[in-house]
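Here are a few friendly notes to read alongside the structure. Please have it open as you go through the points.

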Amino acid sequence: MKDHEFRPKPLLTKREKEVFELLVQDKTTKEIAQELFISEKTVRNHISNTMQKLGVKGRSQAVIELVRLGYLKI
């Protein structure tokens with residue numbers, strides 16, 4: 001059954017991880033949008049979706065939780 005091994009779904013999408021990696025570099029929403037070639041609204045959506053997944057109320061709390069879980073390095 002090696003072909004059907006269980007792999008848990010990653011917490012973050014690739015894009016959500018990219019957004020938060022730039023966020024911890026002190027980039028603004030506008031700078032992140034420009035760097036990733038997406039709209040500022042999409043950046044805010046990625047941040048909001050991640051906060052919802054983590055059950056936190058703010059960007060700072062999300063960053064702390066992502067570092068704690070090993071998804072981000074500061």
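1. A word on terms before we start: a residue is called buried when its relative accessible area is under 20%, exposed when over 50%, and partly exposed in between. Please keep in mind, too, that this is a predicted model.

2. Let's begin with Leu 69, which you will find in the segment after helix H4 (59–68). Its relative accessibility is 40%, so Leu 69 counts as partly exposed. Leaving aside residues up to four places away in sequence, Leu 69 touches Leu 11 and Leu 54.

3. Next, have a look at His 46 in helix H3 (residues 40–54). Is His 46 buried or exposed? Because its relative accessibility is 16%, His 46 counts as buried. Its contacts, not counting residues up to four places away in sequence, are Arg 15, Glu 16, Val 19, Phe 20 and Ile 38.

4. Finally, turn to how helix H3 meets helix H2 (residues 29–36). The two axes come within 8 Å and cross at roughly 105°, and H2 and H3 are therefore roughly perpendicular to each other. On the H2 side, the contact is made by Thr 29, Lys 30, Ile 32 and Ala 33, and on the H3 side by Glu 40, Val 43 and Arg 44. Sorted by class, this contact of H2 with H3 has three nonpolar, one polar and three charged residues.

Methods: Residues are numbered from 1 along each chain as its sequence is written. This is a predicted model: local features need pLDDT of at least 70, side-chain atom pairs count only at pLDDT 80 or more; totals for chains, interfaces and linings use all residues. Side-chain values use heavy atoms; hydrogens and water are left out. Helices (H or I, at least four residues) and strands (E, at least two) are DSSP runs, numbered from the N terminus. Buried means under 20% relative accessible area, exposed over 50%, partly exposed in between (1.4 Å probe, protein chains only). Contact means heavy atoms within 4.5 Å. Axes are lines fitted to C-alpha atoms, for helices over the stretch in contact, and angles run from 0 to 180 degrees between N-to-C directions. Angles under 35 degrees count as roughly parallel, over 145 as roughly antiparallel, 65 to 115 as roughly perpendicular and the rest as oblique. Ala, Val, Leu, Ile, Met, Phe, Trp, Tyr, Cys and Pro count as nonpolar, Asp, Glu, Lys and Arg as charged, and the others, Gly among them, as polar.
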